[in-house]
Each structure stands twice: as structure tokens, then as C-alpha cells.
Amino acid sequence: MQPRRYAFGRPEEATQPDSMRATLAEFLSTAIFVFAGEGSLLALARMYKEVPPILEAGSLVLIALAHALSFLAAIAASLNVSGGHVNPAVTFATLIGGRISLIRAFYYWVAQLLGAIVACVLLRLATDGMRPLGLRVSYGEGNVNALILEIVLTFGLAYTVYATAIDPKRGSLGTIAPLAIASIVGANILVGGPFDGRVHESS
């Protein structure tokens with residue numbers, strides 16, 4: 001079993017080819033995920049002439065499916081290059097698990113945030129000025145309740161990623177990692193969407 005290594009890392013990692021490829025993979029994969037996931041919301045808003053779109057059962061399923069499929073593609077594209085984090089919480093869990101250095105985690109966080117920003121800008125340009133939607137708590141849902149729900153759902157995502165894609169003891173589970181991770185993303189949206197706007201997970 002590969003031992004855990006807690007390290008600060010070196011600033012020159014930014015210029016190392018493997019680090020640059022991994023950081024670029026995180027940027028592109030996050031941009032792909034956010035563009036498709038947030039784009040599904042804007043598409044529904046355009047179809048139903050409602051901003052934000054009415055969150056009916058059918059709409060929620062379509063949003064969850066769009067997020068799950070785009071996350072599946074993003075993870076599959078970056079898994080062998082950067083580990084397929086595509087989410088700051090996953091990068092944090094990987095850092096706590098001693099699988100990447102603090103410097104590498106910082107580069108990933110910057111790449112993920114920039115990827116999300118670029119995707120939102122591209123969406124606004126591609127949709128003739130439609131503004132990407134932000135997080136919102138549903139009527140009747142308290143802030144503390146939403147916080148607890150987000151903690152549980154985010155833990156489920158991070159745990160699934162770690163167990164299937166990062167854990168050295170995962171064995172053959174690594175082959176289904178993208179599918180497993182995409183499934184928990186879709187399931188989280190189905191659960192959290194009506195309560196705390198987790199249909200906007202991509203933003």
C-alpha cells in the first residue's frame with residue numbers, strides 16, 4: 001500500500017510538465033462540467049420562459065442527468081492526468097488524505113475556480129446575455145438545515161471519489177470510478193435540489 005505523504009510541495013511544481021498538464025486538465029474538466037451543468041438550467045429557463053426555471057420533477061431529473069453525464073465526461077477525461085477532482089472539496093479531501101501536496105492542491109483550486117468562471121462567461125456569450133444562476137435556499141428551508149444537507153451531500157461525493165478513484169486499495173473499482181462519481185452527483189442533485197438549490201452544484 002502506498003503510504004500517505006503530507007508535504008508542502010515546491011513552488012517550481014508550477015513549471016513541471018506533469019503538474020502543468022494536471023492543472024490544465026482540472027481547468028478544462030471543470031469548465032466542461034460547469035458549462036453543461038449550468039447550461040442545462042439556462043436551457044430550461046429559455047424553454048419555459050422562467051428564470052430561474054420552475055423546479056418540477058421532470059426538470060429536476062433533466063438537470064441531474066445533465067450534471068451526471070457532464071461530470072462523467074469530465075472525470076473520465078482527467079482521471080489519468082490529474083486524478084479527476086473537478087471539485088475543490090475533492091481536492092481538499094485528497095490533500096487531507098496525503099495524496100497530493102499543498103502546492104499542487106492550491107494549483108488545482110485556482111484551475112477549478114478559473115474553469116468555472118470561464119464556463120460561466122462562455123455561457124453568457126453563447127446564450128445572448130442570459131446570466132448563470134446562483135445558489136439559493138428554497139422557501140421554508142432554514143440556513144442551518146441547508147448547511148447540514150450540504151455537508152452530508154458533499155461528504156458523499158468526496159467519499160465516493162476517494163473510495164473509487166484515489167484509495168490505493170480500490171483494486172478493480174478504479175475502472176468504474178467515473179460512473180460511480182457521476183452517479184452520486186446526479187443523486188445528490190435529486191436529493192438536494194428541492195431544498196437548497198443543489199441543482200446549481202456546478203456553480
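Among contacts (heavy atoms within 4.5 Å) in the protein chain between residues at least 6 apart in sequence, 75% join residues at least 24 apart. The model is a predicted one, in which local features need pLDDT of at least 70 and side-chain atom pairs count only at pLDDT 80 or more, while totals for chains, interfaces and linings use all residues. Residues are numbered from 1 along each chain as its sequence is written, and side-chain values use heavy atoms, with hydrogens and water left out.

The protein chain has six helices and zero strands, where helices (H or I, at least four residues) and strands (E, at least two) are DSSP runs numbered from the N terminus. Read from the N terminus on, the elements run α-α-α-α-α-α. Of the 203 residues in the protein chain, 45% are buried; buried means under 20% relative accessible area, exposed over 50% and partly exposed in between, with a 1.4 Å probe and protein chains only.

Helix 3 (residues 88–96) packs with helix 5 at an angle of about 55°, and their axes are 9 Å apart. Here axes are lines fitted to C-alpha atoms, for helices over the stretch in contact, and angles run from 0 to 180 degrees between N-to-C directions. Helix 3 is therefore oblique to helix 5, as angles under 35 degrees count as roughly parallel, over 145 as roughly antiparallel, 65 to 115 as roughly perpendicular and the rest as oblique. On the helix 3 side, Ala89, Val90, Ala93 and Thr94 meet Thr154, Leu157, Ala158, Val161, Tyr162 and Ile166 in helix 5. The residues of this contact divide into eight nonpolar, two polar and no charged; Ala, Val, Leu, Ile, Met, Phe, Trp, Tyr, Cys and Pro count as nonpolar, Asp, Glu, Lys and Arg as charged, and the others, Gly among them, as polar.

Aromatic rings come next. Three aromatic pairs are found in a search of the whole structure; rings of Phe, Tyr and Trp (its six-membered ring) pair if their centres lie within 6.5 Å, and planes under 30 degrees apart count as stacked, over 60 as edge-to-face and the rest as tilted. Phe106 and Tyr107 form a tilted pair, because their ring centres are 6.2 Å apart and their planes stand at 55°. Phe106 is partly exposed, at 48% relative accessible area, and Tyr107 is buried, at 17%. Phe155 and Tyr159 are stacked, because their centres are 5.8 Å apart and their planes at 25°. Both lie in helix 5 (residues 143–166), four residues apart, about one turn of the helix, and both are exposed.
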